[in-house]
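Hello,

Here is the structure I promised to hand over. My notes follow below it.

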Amino acid sequence: MLEKDILSIHDALVRGEVTSEELVREAIKRSHEVEESCNAFVTILDDQKGGEVTDNLLSGIPYGLKDNYSTKGILSTGSSNTLKDYVPFFSATSVLNLERAGAVLVNKTAMDEFGMGGTGTTCHTGVVTNPWDHTRMTAGSSAGSAAAVASGVYPYATGSDTGDSIRKPAAYCGIVGYKPTYGMISRYGLFAFASSLDHCGVLTRSVRDAAIVADEMKGIDPNDMTSWDSSYMHLKEACDKDLGKKKVCYIKEICDITRYPNATEELKSHLENFRKTIDKFKELGYQVDEVNINEKLLAAVPSVYVIISCAEATSNMSNLTGIVFGPRGEGENYIEMMKDHRTKGFSSLIKRRFVIGSYVLQKENQERYFRNAQRVRRLIVDEYKKLFESYDAVVLPVGSGPAKKLEGSTDILDDSTQILEEHLQIGNFGGFPSITIPDGFVNDLPVGINITCNCYEDELMFSIASKLEGTMNYKGQIAKEARHD
Amino acid sequence: MTKYLAKIGLEMHCEISKTKSKVFSSAKNDYNDAPNTSVRPLDMGFPGTLPVVNKEAVRLALMASMILHSKQPEYIWFERKNYYYPDLPKGYQITQDNNPIPVGIGGYVEYECHGEMKKVRVTNIHLEEDSASLDHYDTTSTINYNRSGVPLLELVTEPDFHSGEEAMAFLEHMRSVYQYAGISDADTKKGQIRCDVNVSIMDASLDEANPENWGTKVEMKNVNSFGGVRDAINYEIERQIELKENGTYDEMPQQTRRWDEETYSTIYMRSKVDALDYKYFVEPNIPKYKLTKEWLEEIRASIPKLAMERKQEYIENYHLSEYDAGVLIKEKSVSNYFEECVRLGIEAKVAANWVTVNVVGECNKLEISIDEFYITPEYLKQIMDGMKEGLISSKQAKEIFYKSCEEKKEPKTFMSKDNAQISDREELLHLITSILDENVSQIEQYKNGKTNLFDFFVGQVMKHTRGKANPVITKEILTEELNKR
């Protein structure tokens with residue numbers, strides 16, 4: 001039953017074919033199996049009880065939260081040793097919204113430490129593996145959420161997305177990953193990574209499920225000044241609507257195979273698959289254009305991302321000193337105590353990013369790095385905005401192929417395909433709504449396509465994604481190795 | 001000192017005490033409560049918390065900016081100042097820097113020092129949050145987060161002061177401004193005002209307008225009383241003159257020193273080279289906020305009458321002396337008390353006399369503020385009415401004033417018929433006739449030119465009436481009766 005979509009599960013609950021309690025027990029049982037196989041969770045709520053079934057589509061249905069969502073009375077670690085025993089006394093606004101809908105939390109999912117990583121390998125509980133192939137990564141940082149949803153633990157789990165942390169693991173795990181327009185879902189209670197780039201979002205197995213969950217999570221929040229009133233938006237309804245100009249584009253400088261002379265077979269298949277998906281758009285009656293964007297601007301995307309995200313992160317995480325919460329460090333004075341806490345608590349990857357962040361913010365470097373990165377961010381966003389004047393959406397392949405092997409992986413990406421790996425960050429630069437859906441297989445491993453629209457065009461984006469999903473057979477798919485029958 | 005000219009600048013921090021809540025959280029703005037009770041999650045830097053700007057704090061900050069003749073910005077936004085310290089739970093302070101511009105830039109203040117009007121230029125004024133307060137014991141320190149997030153105004157002046165006395169007069173003036181404008185209680189005893197001071201000296205013969213002639217700046221941090229500011233400056237001027245005189249001034253590095261109240265001297269802390277890099281950058285969680293013309297005009301129109309205006313009014317409308325008006329406006333609460341007396345119908349000069357002499361005198365004696373004084377303007381009015389109606393003499397009025405204050409009973413309880421003034425002409429004539437009959441020899445002497453015996457007769461009347469005879473009527477009748485004899 002948990003492998004089905006939200007509407008089907010809701011109908012079964014309403015008809016009494018299954019109870020919420022049964023679903024929750026099942027979800028907890030599967031959580032333990034997926035913990036065994038993928039190492040996907042920080043906490044499994046073994047004592048959780050079923051909930052009341054109401055008119056709300058999410059009522060009584062189990063779900064998971066990424067461990068950087070603050071949950072009252074429930075361990076919330078951000079997968080970091082600095083918060084390994086931290087039990088918050090308040091819940092994130094979006095979590096309260098899900099609670100109000102009657103959703104039943106069954107676990108907290110593992111992630112790259114504080115969201116700062118794209119591999120799912122830097123969680124304080126260890127590496128998260130891909131349910132399709134355990135020798136491969138899920139990508140990150142919403143690694144546990146992606147593995148759990150793809151394994152059919154429940155129909156959805158939340159994620160957070162600062163660069164591509166929802167949308168890339170979704171692609172690698174063959175599921176849907178959605179990050180809305182910046183500020184649509186309140187960030188209050190989400191552990192900050194890079195505030196100007198952070199988004200809450202959701203991972204599901206269908207486009208409509210993503211819409212249903214986001215409809216409940218979103219809303220203006222007096223605790224988040226960057227949130228806005230989206231009550232006029234009905235994402236679920238938008239899935240059945242025919243919206244927009246029916247014109248989409250893709251960017252030549254990113255998708256053209258001739259730009260990658262040393263392309264692997266995987267990359268070739270992936271781009272080939274992307275072209276086939278583009279044809280599906282045409283069958284749907286969309287005009288699809290190939291457009292150009294200044295290559296230099298695109299090449300700057302990863303640097304801009306690193307500079308801005310590391311700068312904001314080093315400041316955002318300065319609260320982690322072990323003084324108010326987290327394990328108290330040892331030392332003769334406060335400086336030694338803070339140093340001890342941070343030295344022991346953070347992984348080396350994060351420390352490297354803090355060094356970068358501090359460096360680019362220093363007085364003598366700030367103009368050259370941080371301020372320039374902000375300017376280039378604006379230029380890149382303007383390029384996309386220009387595209388949105390003529391097109392409903394930009395569609396692009398996610399990554400350079402399927403999930404990468406864990407063995408020999410590094411956080412440093414291959415230069416030649418860098419833009420393929422990192423273009424999703426543009427969605428964070430502009431706060432654009434962006435969704436990844438599965439669009440096929442390469443070497444029996446899932447790959448994905450991404451659809452990105454202009455700010456506040458989430459409904460348009462859902463109408464397009466839903467139609468494209470309907471032309472393919474990957475909706476609702478469960479990872480093969482983990483299939484339950 | 002004539003050989004040298006001191007150049008002194010101030011950074012005056014004053015808490016805004018007149019908002020209900022803190023500047024970025026909904027916690028109560030009152031840190032005198034039990035420790036760590038006026039606290040929300042943001043004030044302790046818990047993960048996932050976000051700042052929400054208190055509009056009233058911005059309004060009061062803009063009002064201060066207007067009073068200082070500063071320029072207000074087009075947009076309000078904030079910056080982060082990053083540094084690690086146990087009293088700074090987020091690891092950064094949300095503040096404003098010069099770029100983008102804070103609530104006020106430029107401007108000037110005119111203030112009085114030893115009866116002379118002086119002018120100091122304002123560099124800028126900005127709104128920020130206060131830190132937590134620390135208490136240090138032998139082996140441990142405690143942190144109280146009640147103060148964390150209290151709104152704070154930082155006013156930075158140009159180095160336009162030339163002596164400790166001028167700086168102190170300016171601080172007293174600004175305290176009055178903050179109090180009269182309803183921005184702050186500006187109470188140094190509660191630590192609501194803290195100052196950083198910078199001092200340099202230059203040869204008096206050189207042109208002060210040319211910064212090249214200025215000396216090396218020495219900064220003193222966290223001087224917490226006005227007297228301390230004056231003494232620290234005067235000490236530092238002497239210290240620097242000594243260096244000039246013995247020829248070592250030019251070797252002195254730009255530095256930060258600490259004013260030590262125990263030894264009454266300044267102590268070296270660090271050189272400019274060791275200064276922290278605060279890595280300022282824009283606070284991403286607070287969207288920049290456009291200030292409307294309408295709102296700014298509304299704020300400007302709502303600026304209350306300040307001390308100088310009130311003083312002018314007292315002199316021109318009530319014909320009070322410069323001195324009395326000066327005493328009345330020194331404290332806002334005293335000025336308010338006086339204005340309330342006038343509003344209740346007490347003649348201004350009478351009210352001024354009573355307030356400056358009796359009311360303030362008694363408050364000082366009791367060491368209480370005028371707001372805590374038992375005799376309210378209403379009670380004072382009762383006493384004034386008693387005199388006017390002839391119920392009591394001015395001597396009795398004073399007696400009742402103190403009696404009422406001492407016994408905490410309304411003045412009118414002491415104004416019964418028993419001790420009413422005797423104004424009945426028949427009764428007085430009868431009394432005076434019998435007194436004159438008994439003092440024939442004195443009448444003779446009086447008639448022979450010893451006119452000062454008139455007072456003897458008045459005294460006799462008073463003696464017989466225990467002071468209750470109406471003195472005016474008594475004198476009238478006495479004159480008439482003596483003339484008859």
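How many salt bridges are there between chain A and chain B? The count is zero, where a salt bridge is a side-chain nitrogen of Lys or Arg within 4 Å of a carboxyl oxygen of Asp or Glu.

Some ground rules. This is a predicted model, in which local features need pLDDT of at least 70 and side-chain atom pairs count only at pLDDT 80 or more, while totals for chains, interfaces and linings use all residues. Residues are numbered from 1 along each chain as its sequence is written, chains are lettered from A and ligands numbered from 1 in the order in which they are written, and side-chain values use heavy atoms, with hydrogens and water left out.

**The interface**

Chain A puts 39 residues in contact with 31 residues of chain B (contact: heavy atoms within 4.5 Å). About 2800 Å² is buried between the two chains, and carbon and sulfur atoms give 64% of that. Buried area is the accessible area (1.4 Å probe) that two parts lose on being put together, summed over both. On the chain A side, α10 (295-316), α11 (334-345), α12 (348-361) and α13 (363-390) each supply at least two residues that touch chain B. Helices (H or I, at least four residues) and strands (E, at least two) are DSSP runs, numbered from the N terminus.

**Aromatic rings**

The whole structure holds 40 aromatic pairs over all chains. Rings of Phe, Tyr and Trp (its six-membered ring) pair if their centres lie within 6.5 Å; planes under 30 degrees apart are stacked, over 60 edge-to-face, the rest tilted.

One pair is Phe89(A) with Phe90(A): edge-to-face, 5.4 Å centre to centre, 70° between the planes. Phe89(A) also pairs edge-to-face with Phe46(B), at 4.9 Å and 90°. That pair crosses between chains. Phe89(A) lies in the loop between β2 (62-66) and α3 (93-101) of chain A, and Phe46(B) in the loop between β1 (4-15) and α1 (55-67) of chain B.

Phe46(B) counts as buried because its relative accessibility is 10%. Phe89(A), at 44%, is partly exposed. The cut-offs are under 20% relative accessible area for buried, over 50% for exposed, and partly exposed in between (1.4 Å probe, protein chains only).

Both residues belong to one aromatic cluster, whose members include Tyr86(A), Phe114(A) and Tyr188(A).

Best wishes
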